[in-house]
Amino acid sequence: MTVEDAIDIEKPQELVYAIVRDLERAPEWQGSLESVDVHAGTEVRRVAGMRHEATFLIVEDDAPRRLSITSEGGPVNARATFDLEPH
C-alpha cells in the first residue's frame, strides 16, 4: 500500500529539511512515534494501542530536497520519503 500526502509550509526549504532531518525530534510532529534513538537506529511507535520497536535506516539523504527512511521490525515494514520543493 502507498499513502501520499502533500502540505505547503511557508518557510525556507532548508529550514523544513533541517526539522525533518532532526530524527530524534520527530515524535514532536509524528503522532504515532514515541521515540527515536539515532545512534542505535531504533524507533518506538504506538500502533493500534500497542508499542512496537523497529530498526530504521536512512536510504537517501539529499539535503535540502529529499530524505528517505526505511523502517523494519514493527507491525509493518515501511518506507517514508520526504520530497521538499521551494514554494
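Which residues of helix 1 are buried? In this predicted model, where local features need pLDDT of at least 70, side-chain atom pairs count only at pLDDT 80 or more and totals for chains, interfaces and linings use all residues, the buried residues of helix 1 are Q13, V16, Y17 and V20, buried meaning under 20% relative accessible area with a 1.4 Å probe and protein chains only. Seen down the axis of helix 1, these residues fall within an arc of 100°, taken from the directions from the helix axis to the C-beta atoms, and so they line one face of the helix. Residues are numbered from 1 along each chain as its sequence is written, and side-chain values use heavy atoms, with hydrogens and water left out.

The buried residues of helix 1 pack against strand 3 (50-62), strand 4 and strand 5 (78-83), contact being heavy atoms within 4.5 Å; helices (H or I, at least four residues) and strands (E, at least two) are DSSP runs numbered from the N terminus.

Leaving aside residues up to four places away in sequence, I69 touches L23, F56, L57, I58, V59, A78, R79 and A80.

Note on methods:
Buried < 20%, exposed > 50% of the residue type's maximum accessible area, 1.4 Å probe, protein only.
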